[in-house]
Amino acid sequence: MTEYYGRYADFATASKKDSGVLLGADNSVGDIYQLQMHDHDDEQRAWLVSTFGQRIGFLDAETSRTVRTLQAEGLQTKAVLSFIAFTDHPDDGHYWGQVALICFKPADADVFDGFVSTVAKRMGEGVRVKVDLGAEGIAKLRESGGTWTPSQTVPLPETEKGTAYLKRRRKPLERLVDQGRKGNKGCYVVSWAFLLVAVALIMFALHSCGAF
């Protein structure tokens, strides 16, 4: 039985019309997602499902098969949002991104849930923590009770011409939304006012670039 699985993986959206939910504050860098198997184009794919129950995108066929196998072995499978990007080709372009996959045995949840939280926090700060731990890293993590974090980081993938990163870290506006959800109503009202303006500006910019 697999003990642990960790790596960065690309995801794609079902269509360009799904981009709105990606650009909003409900999906911010550092957010943690569950992985659920659902059909797409007559093939099962591992979909990223947010805490709000939204399916924001799916992993490629090979990675989806790996996730399905790990889930069949009983592992908990989680993903942390690393970035969201837009590529203007082929045709009229597409939205995509990357997540850090972190899969572990339920018996190790106390240790690895702490690791997932740390990865999420640092990802929100724009730091891509190495999640392919290896035997030595797993041992250190267990010894620390889940507080150890690798010093190694993973660079962003090289972008081809026509690709732009839309989100690479958690923005101040999104942090305001976080505070609002925790009960700070003043922050919540202010954050949504700014959010509406920010989304309008983003959509205008993408429209000007021919993304719509």
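The exercises below work through a predicted model of one chain. Local features need pLDDT of at least 70 and side-chain atom pairs pLDDT 80 or more, while totals for chains, interfaces and linings use all residues. Residues are numbered from 1 along each chain as its sequence is written, and side-chain values use heavy atoms, with hydrogens and water left out.

**Exercise 1. Helix α4**

Determine which residues of helix α4 are buried and how they are arranged about the axis.

Solution. 
1. Helices are DSSP runs of H or I with at least four residues, strands are runs of E with at least two, and both are numbered from the N terminus. Helix α4 spans residues 134-144.
2. Buried means under 20% relative accessible area, exposed over 50%, and partly exposed in between, with a 1.4 Å probe and protein chains only. Gly137, Ile138 and Leu141 of α4 are buried.
3. Seen down the axis, the buried residues of α4 fall within an arc of 100°, so they line one face of the helix. The arc is taken over the directions from the helix axis to the C-beta atoms.
4. An α-helix has 3.6 residues a turn, so residues three or four places apart point the same way.
5. Ala135, Glu136 and Glu143 are exposed on the other side of α4.
6. The buried residues pack against β1 (4-12) and α3 (109-124), where a contact means heavy atoms within 4.5 Å.

**Exercise 2. Two aromatic pairs**

Classify the pair Phe86 and Tyr95 and the pair Phe104 and Phe112.

Solution. 
1. Rings of Phe, Tyr and Trp (its six-membered ring) pair if their centres lie within 6.5 Å; planes under 30 degrees apart count as stacked, over 60 as edge-to-face and the rest as tilted.
2. The structure holds six aromatic pairs.
3. For Phe86 and Tyr95, the centres are 4.7 Å apart and the planes make 50°, which is tilted.
4. For Phe104 and Phe112, the values are 5.3 Å and 15°, which is stacked.
5. Phe104 is buried at 0% relative accessibility, and Phe112 is buried with a relative accessible area of 0%.
6. Tyr4, Phe104 and Phe112 form one aromatic cluster.
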